[in-house]
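Dear colleague,

I am passing a structure on to you with this email, and below it I have written out what was found, so that you can follow each point on the model yourself.

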Amino acid sequence: MTTLQNRLMEVLTQRFQIREDQVREIMALREQKGMGVGELFIQKKILSEEKLLEAMHMAYEIPYWPDIPLESVCTAFLQQLPIGFLKKHVMIPLKSLSVSLPLESIKEPDGETGPSHEAPGETHLIAVRNLDNLQAVDDLVRLMGIQDYRLILSTKRAILSAINTAFELCLDSAEQIVQDMEEDGKAILNEIEDRADLLDDTSDAPIIKLVNHVISQAVKARASDIHVEPYQDSFKIRYRIDGILYDTLTPPKWIQPALVSRIKVMTQMNIAEKRLPQDGRFDVKVGDQEIDIRVSIIPTTFGERVVLRLLNKSIDLLKLTEIGLDPERLVRLKELIQNTNGIILITGPTGSGKTTTLYAILSFLNTPEINIITIEDPVEYQIKGINQIQVNPKIKLTFARGLRSIVRQDPDVILVGEIRDLETAEIAVQSALTGHLVFSTLHTNDSASAVTRLVDIGVEPFLIASSVKGVAAQRLIRILCNECKAPYTPDRAALDAIGISPEELASSQIYRSVGCSNCFHTGYRGRIGIFEVMVIDASVSNLLLKTYDANRIKARAVENGMVTLREDGIRKVLKGITTIEEVLRVTQK
């Protein structure tokens, strides 16, 4: 064991209560596997990464940064350093001491400021995760062409995050890429490695750089869709952020065919076919995020129109407590979904978050004792422990055919992506009446209209009354950006339009959107659901046998205590979550 390792082991045993037998085990494994001591401590879960770095700081007197501020990253060297090299060895150059970062500004792990170590001349800092591979540091120094440097310890998460953010900032802007492009666009046929990190792609072909930039910026802006829209003399690229489309770029018309062809290459579509619609998909990585992109191309009068739907697979699915239900409605919904049989419907227009709500419900119900099977179009996210079936019309695997087979698989809970026709509706009803709990969606404006839609499809009212246990209608409203929202007092007309009384206004603070760089200058950041949960109790069930008028059904449900979408929106306005204008936008008749 070297002197440095002895010093580290001394700190670990004296200051971090690591036992002697654990140290001996790690050293034996080091001899067997040839791995670094630090990696083995973390791998065996003897120490967390943060505690190990603190111990290394104490043993070696090397400063430890829990986080790396972006302004400290030395972007001057990034053009000559391969991002793959930095990620592989988990290191990044920081600004020199002579510029702005004397070591006296580096906080020690206990939060105190360390002594000044500023040296004359230019001394660069290099953030590393461990000291087991100093050869890689020497290679980095040689690539940078510097003489003097000091090491800084930081976590893997902080270093990789700094690398990704710094390289993204160093990419050419979309406008610069467009200006640099050549009109022939012949470089479009260059291949890109499947699932390669877009920030790692070093291709010089301008069209490849433009497509990569458009996708990476969409991910950064939290866009759900990218639209490429052709017009007679121009075309534009738009992002859908929090449900609203925003113009982002209007390149020259001649770039359009090359850009569409590049997307076709990435999705392995037929680049020669420009007269028929095509669909495809591909996966990419943007930094540490895995993105699944579904692509739809249709021919229009002025060229092919492209829509890319972005699904971020790195984001955890929302829990039932996170989708926007207040405690009262959450209790009511939990009571509904814990029925052993019946149909529960989630309704709303396209893009209102129905699938997210259903996944939250399934995740809540997902236990080893319950057999859950779904049939969806498409399967957007895989949930561990749940069997999910993808609809495939090409081989005649429809919702109805899949559902007919599912009921023979001894399920406790069934999810049908959507009830579209009488055959699917009838099988769902029969499944519910024979002891299964069935979840599905309908495209209706409110919860009461779901009953009317089922009758229109052809389901008998008495079957609806006996099988449907509840209906939850929902919409998505944008959440005010906490960085820039501003308090104000609405005028009387705005309050009357939404239905807020002077008494409610007196006890609450209402905010309006402003816009800043944090929220893409929209004033909003993220979305949350507003809900109305209609329980089909005895009184509503008896009414269903007499009429399926949605207005009468809704009135009866309100009498029984149902909170409407508009009322739930008002509550979120009074809590400062959203704006009056946003609630009016999504709940207007």
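A charge is said to sit over a ring if NZ of Lys or CZ of Arg is within 6 Å of the ring centre and within 35 degrees of the ring normal. Please keep in mind that this is a predicted model. Lysine 485 lies over the face of tyrosine 511, at 4.5 Å from the ring centre, and in the case of arginine 478 the charged end is found over the ring of tyrosine 524, 4.0 Å from its centre.

Because tyrosine 359 belongs to helix H12 (residues 354-365) and tyrosine 381 to the loop between strand S12 (372-376) and strand S13 (387-390), the pair ties together parts that are 22 residues apart in sequence. Both tyrosine 359 and tyrosine 381 are buried.

Turning to the helices, H9 (residues 206-220) and H10 (residues 256-267) pack at an angle of about 75 degrees, with their axes 10 Å apart, and they are therefore roughly perpendicular to each other. Among the residues that meet are Ile207, Leu210 and Ile215 in H9 and Leu259, Arg262 and Met266 in H10; by class, the contact of H9 with H10 has 9 nonpolar, 1 polar and 1 charged residues.

Lastly, threonine 452, which is placed in helix H15 (residues 449-457), has a relative accessible area of 19% and is therefore buried, since buried means under 20%. Leaving aside residues up to four places away in sequence, threonine 452 touches Tyr548 and Ala550.

Definitions and conventions: Residues numbered from 1 in each chain as written. Predicted model: local features only at pLDDT ≥ 70, side-chain atom pairs only at ≥ 80, totals over all residues. Heavy atoms only, no water. Helix = DSSP H or I, 4+ residues; strand = E, 2+ residues; numbered from the N terminus. Buried < 20%, exposed > 50% of the residue type's maximum accessible area, 1.4 Å probe, protein only. Contact = heavy atoms within 4.5 Å. Axes fitted to C-alpha atoms, helices over the stretch in contact; angles between N-to-C directions. Parallel < 35°, antiparallel > 145°, perpendicular 65-115°, else oblique. Nonpolar A, V, L, I, M, F, W, Y, C, P; charged D, E, K, R; others polar.
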